[in-house]
Amino acid sequence: MDTLSKAKRSWNMSQIRSQDTFPEKIVRSAIRRLGYRIQLHVKDLPGRPDIVLPRRNTVVFVHGCFWHRHSRCRFTYTPKTRRTFWLRKFTENRDRDARARRHLRKLGWKVITVWECQTNDVKTLTVRLKRLLSSG
């Protein structure tokens, strides 16, 4: 049973953003500091990647650990209420992510996934992004 009122739950869910999140801003900043030009949320590409580097033919997805089920991450938990709903939701999210990655790779794009928990250590994230973006 939900402990919040319907109005409070609605407000709470409305505060969860799907784009321009804090982790996305951290990743964008790190990529820009490395000297790359980026585009955001290109609607023409499968999965509408969070960050696109057209000159590098690379896309970056910044995934929330909870919503996209980062394996072995402490933020990947399943709510105790409406368990069937959440498990189906998480399965659909993972399937959609996999379809988008496959489609992008078929189109010749390099796909990089950054998890929300990886944005906590900006220095390590920057080193990883530099390595991934400089490799072919």
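Reader: Is Glu 92 buried, partly exposed or exposed?

Author: In this predicted model, Glu 92 is partly exposed, because its relative accessibility is 43%, between the 20% and 50% cut-offs.

Reader: What does the side chain of Glu 92 meet in a salt bridge?

Author: Its partner is Arg 88, with an N to O distance of 3.9 Å. Arg 88 is also partly exposed, at 49% relative accessible area.

Reader: Where do Glu 92 and Arg 88 sit relative to each other in the helix?

Author: Both are in helix 4, 4 residues apart, so about one helical turn separates them.

Reader: How many salt bridges does the structure hold?

Author: The structure holds 3. Asp 20, Glu 24 and Arg 28 are linked in a network of them.

Reader: What else does Arg 28 touch?

Author: Leaving out residues up to four places away in sequence, Arg 28 touches Ile 38, Leu 40, His 41 and Ile 51, along with Asp 20. Arg 28 itself lies in helix 2, which covers residues 22-33.

Reader: Change of topic. Where is the patch of positive charge on the surface?

Author: Arg 96, Arg 99, Arg 102 and Lys 106 gather there. Of these, Arg 102 lies in helix 4, residues 83-106, and is partly exposed at 49% relative accessibility.

Reader: And how many charged side chains does the chain have?

Author: There are 33 positive and 10 negative side chains, and the centres of the two sets lie 3 Å apart.

Reader: Backbone next. Which residues other than glycine have a positive phi?

Author: Arg 48 is one of them, with phi near 40 degrees. Asn 57 is another, at about 50 degrees. Most residues other than glycine have a negative phi.

Reader: Where are Arg 48 and Asn 57 found?

Author: Arg 48 is in the loop between strand 1 (39-40) and strand 2 (51-53). Asn 57 is in the loop between strand 2 and strand 3 (58-63). Arg 48 is partly exposed at 42% relative accessibility, and Asn 57 is partly exposed at 32%.

Reader: What about Pro 46, buried or exposed?

Author: Pro 46 is in the loop between strand 1 and strand 2. Pro 46 counts as buried because its relative accessibility is 16%, under the 20% cut-off.

Reader: Which residues is Pro 46 in contact with?

Author: Apart from neighbours within four places in sequence, Pro 46 is in contact with Phe 61, Ala 100, His 103, Leu 104 and Leu 107.

Reader: Last one, the whole chain. What pattern does the chain follow?

Author: The chain has 5 helices and 4 strands, and reads α-α-β-β-β-α-α-β-α along the sequence. The C-alpha trace spans about 50 × 30 × 25 Å along its principal axes. Of the 136 residues, 37% are buried.

Technical notes:
Residues numbered from 1 in each chain as written. Predicted model: local features only at pLDDT ≥ 70, side-chain atom pairs only at ≥ 80, totals over all residues. Heavy atoms only, no water. Patch = residues over 30% accessible without salt bridge, like charges linked within 9 Å, V, L, I, M, F, W, Y side chains within 5 Å. Areas by Shrake-Rupley, 256 points an atom, 1.4 Å probe, with all protein chains shown as cover. Salt bridge = Lys/Arg side-chain N within 4 Å of Asp/Glu carboxyl O. Lys, Arg positive; Asp, Glu negative; His and termini not counted. Charge placed at Lys NZ, Arg CZ, Asp CG, Glu CD. Helix = DSSP H or I, 4+ residues; strand = E, 2+ residues; numbered from the N terminus. Buried < 20%, exposed > 50% of the residue type's maximum accessible area, 1.4 Å probe, protein only. Contact = heavy atoms within 4.5 Å.
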